[in-house]
Amino acid sequence: MRTILIVGNWKMNKTASEATVFTRDLLARVPAQPANLELVVAPPFTALESVRLALGASSPIQLGAQDLFWEDHGAYTGEVSAPMLKDLGCRYVIVGHSERRTLFGEQGDLIQKKIRAALNHGLRPILCIGETLAQRDNGTTDHVLTQQMHDGLSGLATEALATITIAYEPVWAIGTGKSATVEQAIAAHRTIRQVLAAVASPAVADCARILYGGSVTPHNIESLLASDQIDGALIGGACLQVESFATIATVASVARSIGV
Ligand code: PGA
């Protein structure tokens with residue numbers, strides 16, 4: 001069975017000092033040793049160190065980053081590399097979030113370079129893909145998802161692909177309060193798993209985790225995780241309050257064990 005993965009993407013929120021207080025509060029509220037659940041927070045780069053310190057050793061919460069650059073070091077003003085993230089204790093890194101694609105023009109080839117850099121340094125990439133509302137309305141969702149998967153992953157070694165997580169995040173659902181329906185998410189996840197089987201192998205497709213993201217809340221997490229096609233969630237707005245993120249974590253920690 002695939003372990004559920006819940007990732008909180010803080011985006012550009014919380015100073016380093018705010019992050020310390022928040023992380024301490026969160027630690028006191030999340031399940032202490034979730035059996036079939038991995039919890040990750042992805043603060044801004046500037047708060048990674050304070051979150052790492054607040055989490056301490058053997059924390060039930062792991063550290064992730066929101067982005068990375070593909071070179072290890074050099075004259076790349078403003079960028080942060082995989083070795084830098086690794087050194088700060090990051091285990092995961094989000095790549096190709098729709099805000100990076102839309103606001104900063106990130107495209108397939110660049111996203112693949114970032115995925116490769118993460119894999120080369122033992123970081124586990126979470127590749128974000130998703131269609132716009134116009135693409136959904138004109139029936140090209142599957143095509144868009146397939147293209148984004150190929151752009152990000154084609155040519156990577158099968159062993160490397162085994163550590164990849166995909167986050168299906170319909171652009172129209174991000175930050176809008178309008179989540180995809182469970183049926184829409186399941187259909188997209190099936191497509192993604194088929195593409196993974198073709199790009200990597202059926203075995204990789206079977207063990208890869210596919211998360212849903214886009215207006216996930218304490219109210220809809222249970223119904224999303226009720227499907228064994230949905231292996232967790234990438235959460236934006238609802239991860240910024242201790243109460244809502246801890247509730248989501250608690251629901252996720254029992255989701256598979258009670259067979260919902
Ligand atoms: P949201 O963001 O939960 O606020 O919709 C999700 C995301 O951007 O990953």
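Start with the largest nonpolar core, which has 73 residues. Select I6, L153 and I166, the residues with the most contacts inside it. A nonpolar core here is a set of buried Ala, Val, Leu, Ile, Met, Phe, Trp, Tyr and Cys residues joined through side-chain atoms within 4.5 Å. Buried means under 20% relative accessible area, exposed means over 50%, and partly exposed lies in between (1.4 Å probe, protein chains only). Now select helix α12, residues 242-255: with eight residues, this helix gives the most to the core. Helices (H or I, at least four residues) and strands (E, at least two) are DSSP runs, numbered from the N terminus. Another core, of 11 residues, lies apart from the largest one; V40, Y92, I126 and A167 are among its members.

The model is predicted: local features need pLDDT of at least 70, side-chain atom pairs count only at pLDDT 80 or more, and totals for chains, interfaces and linings use all residues. Residues are numbered from 1 along each chain as its sequence is written, and side-chain values use heavy atoms, with hydrogens and water left out.

**Stop 1: the barrel**

Show the strands. Eight of them form a closed barrel with parallel pairing, in the order β1-β2-β3-β4-β5-β6-β7-β8. From one strand to the next, the twist averages 25°. Strands count as paired if DSSP finds at least two bridges between them.

Select β1, residues 4-9. Six of its six residues are buried, so this strand is largely enclosed by the rest of the structure. β1 and β2 run parallel, joined by six bridges. Where does I6 find its bridge partner in β2? Select L39.

T165 stands opposite R209 of β7.

**Stop 2: G64 in β3**

Select G64, which sits in strand β3. Is G64 buried or exposed? G64 counts as buried because its relative accessibility is 1%. Leaving aside neighbours within four places in sequence, G64 is in contact (heavy atoms within 4.5 Å) with V40, V41, A42, P43, L48, C90 and Y92.

**Stop 3: helices across the strands**

Select helix α2, residues 48-55. It lies across β2 (37-42), β3 (61-65) and β4 (90-95), running at about 170° to β3. Axes are lines fitted to C-alpha atoms, for helices over the stretch in contact, and angles run from 0 to 180 degrees between N-to-C directions. Next take α9, which lies across β5 (124-129), β6 and β7 and runs at about 145° to β6.

**Stop 4: α7 against α9**

The crossing is right-handed: the near helix is turned clockwise from the far one by less than a right angle. On the α7 side, select D142, L145, T146, M149, H150 and L153; they meet A188, T191, I192, V195, L196 and V199 of α9. By class, this contact of α7 with α9 has eight nonpolar, three polar and one charged residues. Ala, Val, Leu, Ile, Met, Phe, Trp, Tyr, Cys and Pro count as nonpolar, Asp, Glu, Lys and Arg as charged, and the others, Gly among them, as polar.

Stay on L153. Apart from neighbours within four places in sequence, L153 is in contact with Q112, I115, L127, L161, I164, I166, L196 and V199.

Now T141, also in α7. T141 counts as buried, at 10% relative accessibility. Not counting residues up to four places away in sequence, T141 touches E131, Q135 and R136.

**Stop 5: α1 against α12**

Select α1, residues 16-29, and bring back α12. Their axes come within 9 Å and cross at roughly 35°. This crossing is right-handed. F22, D25, L26 and R29 of α1 make the contact with V242, E243, F245, A246 and T250 of α12. Those residues divide into five nonpolar, one polar and three charged.

**Last stop: two loop serines**

Select S58, in the loop between α2 and β3. S58 has a positive phi of about 45°, although it is not a glycine. With a relative accessible area of 78%, S58 is exposed.

Finish at S215, in the loop between β7 and α11 (221-225). Phi of S215 is near 60°, a positive value in a residue other than glycine. S215 counts as buried, at 16% relative accessibility.
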